[in-house]
Amino acid sequence: MAAVASASHGASVLLLDKGSKLGRKLAISGGGRCNVTNRVDAAEIIKHIPGNGRFMYSPFSIFNNEDIIAFFEGLNIPLKEEDNGRMFPVNDKAIEVVRALLNKIRSLNVEIRTKTEVADIHYTEDAVSAVELTDGELIQAKNVIVAVGGMSVPYTGSTGDGYPWAKKAGHTITDLYPTEVPITMSDSFIHTKELQGLSLRDVQLSVIDPKKGKLIKAHRGDMIFTHFGVSGPIGLRCSQYVIKAKKKHDVSSVPMEIDLFVDENEETLFQRLNKVIQSEPKKAVKNALSGFAPERLMPILLKNASIDGMTVCTELGHDKIRALAKAMKHIELTATGTLSIEKAFVTGGGVSVKEVYPKRMESKMKQGLFFCGEVMDLHGYTGGYNITVAFSTGYTAGKAAAERCAVEGNEVVQ
């Protein structure tokens, strides 16, 4: 997108990529369907970018989600809107999105060099001067856009290459950590794998402060139990808060909770449970409550409420039913961390946004040095938000670099 914007605004563009083909990460995004953006309004998008979302107001004023939609539809990639504003190509093929972008940059006469790895960026006292390749070739350039991603999904080429180049220019690299990544847990029912593969729909997952016991963050939606912890949309969204709480409080684990019935309080749930139990007086509790909650979860819920599943309903007092209602609203989990940054969908941290002009994506340290996408300390939840950030900052950087080129000369996109 940076190359598209630069070339569209009249710059001569050389695009360097160390991989054998372009767009590998884009081709696997959205489960191979490519969630190109999200159709909610800008303020709502920014709410879904917990990593410095407010920075995006300026790039969105240059190229926003509606511009992204118009751009791809202009390339004959019709889009469709799915749940929560997510936008996908009608044919569900990410590879078509990649192809359309490649055709666009070729039509703009962008020079493309694959299998070309950058070793370093050279600077004068106050500006970019050249790009050095690993084979020793030096490419003179007064404008360079660093669009190399973070450290997540490294087999696509994102291996943290941009951080040393930015550091050399005088930039701060904020702490790097995995975001949108599955959470690891130490609970016995996780290790016995009795819940592995169980999906929960429309529940709430909460991260609790390990010292104060107060809520840090809660997300509502779907999740899945794995052999090591939890994943799925709300599991991924909660992951960064687990990492931050662990670091902040220097603890080995962080408490979490699942609320199975988000729209009911404990009293309402107690009344509903009581009604079911009273209607089946002679049945064992576990049989009477069959279908009330996921079957594989019921033994754990009963255990947490200190109820023997074989207890006959008539023998179950109100105190036990209330305990069960509480257990269903507060399934306790113990998060020990997350999978590694390489396994994450997104990298948290990166080039500090305080050191980049938001309307141009240009470095405040070196003239002609531009950053865009995940190499910066910008990250959103899954749902098209990270790609929106990438396209918006990429276009903004490309346009600004071209405006400098109009005065000064050539440009390189890495």
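Hi everyone, a bookkeeping point to begin: Ala, Val, Leu, Ile, Met, Phe, Trp, Tyr, Cys and Pro count as nonpolar, Asp, Glu, Lys and Arg as charged, and the others, Gly among them, as polar. This is a predicted model, with local features needing pLDDT of at least 70 and side-chain atom pairs counting only at pLDDT 80 or more, while totals for chains, interfaces and linings use all residues. Residues are numbered from 1 along each chain as its sequence is written, and side-chain values use heavy atoms, with hydrogens and water left out.

Let's start with the pocket. The second largest pocket has a volume of about 210 Å³. A pocket here is an open set of points on a 1 Å grid over the protein atoms alone, where a 1.4 Å probe fits, with protein on both sides within 12 Å along at least five of seven lines; lining residues have an atom within 4 Å of a point. The volume is the space filled by probe spheres set on the points, which are joined across faces, edges and corners. Its lining comprises four nonpolar, three polar and four charged residues, including Asp175, Lys244, Lys247 and Asp377.

Which helix gives the most to this lining? Helix 9, with three residues. Helices (H or I, at least four residues) and strands (E, at least two) are DSSP runs, numbered from the N terminus.

Now to what helix 9 lies on. Helix 9, residues 233-249, lies across strands 11, 12, 13, 14, 15 and 16, at about 140 degrees to strand 13. Helix 13, residues 318-329, also packs on the sheet, touching strands 15 and 16, and its direction makes about 110 degrees with that of strand 15. Axes are lines fitted to C-alpha atoms, for helices over the stretch in contact (heavy atoms within 4.5 Å), and angles run from 0 to 180 degrees between N-to-C directions.

Those six strands close into an antiparallel barrel in the order 11-14-13-12-15-16. From one strand to the next, the twist averages 45 degrees. Two strands pair if DSSP finds at least two bridges between them; strands 13 and 14 have two, and Phe225 stands opposite Val230 in strand 14.

There is a hairpin too: strands 6 and 7, with four residues between them, pair in the antiparallel sense over five bridges.

Last stop, Arg360, in the loop between strands 18 and 19. Is Arg360 buried or partly exposed? Partly exposed, because its relative accessibility is 34% (buried is under 20%, exposed over 50%, partly exposed in between, with a 1.4 Å probe and protein chains only). Arg360 touches Phe370, Thr396, Ala397 and Ala400, not counting residues up to four places away in sequence.
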